[in-house]
Amino acid sequence: MSSFVTITHEDCLGHDTGPHHRERPWRLETVRGLIDEMELPVIEAREASDEDLLLGHDPAYLEALEEVFARQEHADLDSDTHVSPGSRRASRLGAGGALQAVDLVLSGEAKRVFVATRPPGHHATRTRAMGFCIYGNTGLAALHALERHGLSRVAVLDFDVHHGNGTQDILWDEPRSLFISSHQEPKSLWPGTGARSETGAHDNVLNLPLASGSGASEMKVAWEDGLARLEAFKPELIIVSAGFDAHREDDISGLLWTAGDYWWLTNAIRGVARRCCEGRIVSCLEGGYNPTALAEGATAHLEALAR
Ligand SMILES: [Zn+2]
């Protein structure tokens with residue numbers, strides 16, 4: 001098998017959020033189109049099982065979700081997280097795809113995997129859906145690597161413009177994990193968490209808030225700090241929450257990142273992965289709500305992962 005593969009599934013397009021929602025199927029169609037154009041190897045995602053989801057979610061939350069899904073109707077899990085009859089399968093493929101990517105990398109079948117699914121995952125906490133997210137895909141992937149593959153140190157890096165509050169919640173009390181998130185400063189962007197003072201129960205969380213209006217130079221200073229911390233942690237596996245909504249064309253936020261910045265950051269993460277963990281990276285699609293921004297950012301990320 002190739003050293004870089006992608007995991008995706010067309011049934012993730014069946015998560016129907018309605019015509020006016022930001023997180024719509026075109027986003028995944030765009031990324032799947034890029035994967036096709038770049039002729040990258042593709043594996044179909046598998047669904048997460050109940051046992052997989054219980055790694056990081058409260059049983060009562062999962063039971064409540066199953067009750068909603070069983071009605072086979074459109075419903076709102078919170079003010080901005082909508083589900084439809086296709087959402088159970090789509091969201092289980094997202095979580096399952098992330099775990100499957102960990103399996104591929106830790107079995108040596110691939111070095112780097114990009115998981116192109118939706119809905120995204122990094123806002124889903126142990127006990128609730130939030131911010132378009134139903135299951136905490138990257139947090140679950142980290143716990144899968146620790147609990148089932150017996151790793152001792154797993155890092156999750158999140159460069160989506162919104163704070164990965166759900167991943168932080170899932171990994172807060174997990175001393176074998178390190179979670180590092182850059183995002184627009186909490187005071188000016190949803191969900192309002194992600195201050196530097198939030199450091200986890202075991203000093204295992206590093207938040208890198210960035211001011212609205214900041215661009216490449218501030219991003220690089222923050223991530224050079226973050227990647228130094230990552231390297232000192234000596235991760236055995238690096239998992240990435242890859243959102244492309246910090247791009248200057250995405251009006252959901254005020255950061256001014258460019259395609260070149262996504263390339264720089266992905267390449268820098270690859271450098272740490274080479275030195276610490278034989279190059280092992282699992283990256284999962286999170287946000288990105290402007291067609292140009294998503295295409296440019298995801299292309300740069302995929303090119304830097306695939307080369
Ligand atoms: Zn986002």
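A residue is called buried here if its relative accessible area is under 20%, exposed if over 50%, and partly exposed in between, with a 1.4 Å probe and protein chains only. By that cut-off Phe132 is buried, because its relative accessible area is 13%. This is a predicted model, in which local features need pLDDT of at least 70, side-chain atom pairs count only at pLDDT 80 or more, and totals for chains, interfaces and linings use all residues. Residues are numbered from 1 along each chain as its sequence is written, and side-chain values use heavy atoms, with hydrogens and water left out.

Start with the sheet. Helices (H or I, at least four residues) and strands (E, at least two) are DSSP runs, numbered from the N terminus. Two strands pair if DSSP finds at least two bridges between them. Eight strands build an open, parallel sheet in the order 2-1-5-10-9-6-7-8. Strand 2 and strand 8 are the edges; each has a single partner strand, so one side of each lacks a neighbour in the sheet. From one strand to the next the twist averages 15 degrees. For such angles, axes are lines fitted to C-alpha atoms, for helices over the stretch in contact, and values run from 0 to 180 degrees between N-to-C directions.

Look at strand 1 (residues 4–8). Three bridges join strand 1 to strand 2, and the two run parallel. Thr8 sits opposite Glu44 of strand 2. Now move to strand 6. Five of its five residues are buried. In a regular strand the side chains alternate between the two faces of the sheet. Strand 6 is covered on both: Val154, Val156 and Asp158 are buried on one side, Ala155 and Leu157 on the other. Five bridges pair strand 6 with strand 7 in the parallel sense. Val156 has Phe179 of strand 7 as its bridge partner.

Next comes the metal site. Donors are N, O and S atoms within 2.8 Å of the metal (3.2 Å for Na, K and Ca); water is not among the atoms, so sites may look incomplete. The zinc ion is coordinated by two OD atoms of Asp160, ND1 of His162 and an OD atom of Asp245, at 2.0 to 2.8 Å. The donor residues follow the spacing D-x1-H-x82-D in sequence. Asp160 and His162 are both buried. What makes the arrangement of the four donor atoms irregular? The angles they subtend run from 52 to 154 degrees, which makes it so. Four donors count as tetrahedral if all angles lie between 85 and 135 degrees; four count as square planar and six as octahedral if opposite donors are over 155 degrees apart and all others between 65 and 115; anything else is irregular.

The aromatic rings come next. Rings of Phe, Tyr and Trp (its six-membered ring) pair if their centres lie within 6.5 Å; planes under 30 degrees apart count as stacked, over 60 as edge-to-face and the rest as tilted. The whole structure holds five such pairs. One of them is Phe132 with Tyr289, edge-to-face at 5.6 Å centre to centre and 85 degrees between the planes. This pair links distant parts of the chain, 157 residues apart: Phe132 is in the loop between strand 5 (112–116) and helix 5 (137–147), and Tyr289 in the loop between strand 10 (281–285) and helix 9 (291–306). Tyr289 is buried, with a relative accessible area of 11%. Phe159 and Phe244 have ring centres 5.9 Å apart and planes at 65 degrees, so this pair is edge-to-face. Phe159 lies in the loop between strand 6 (154–158) and helix 6 (165–171), while Phe244 lies 85 residues away in the loop between strand 9 (237–242) and helix 8 (259–277). Both Phe159 and Phe244 are buried. Together with Trp257 and Tyr262 they form one aromatic cluster.

Helix 4 (residues 87–106) is mostly covered, with 16 of its 20 residues buried. Just after helix 4, Gly108 has a positive phi of about 85 degrees.

Finish with the backbone. Most residues other than glycine have a negative phi, and most peptide bonds are trans. The bond from Arg118 to Pro119 is cis, with omega near 0 degrees. Another cis peptide bond joins Trp190 and Pro191, with omega about 5 degrees. Glu39 has a positive phi of about 55 degrees and is exposed, with a relative accessible area of 71%.
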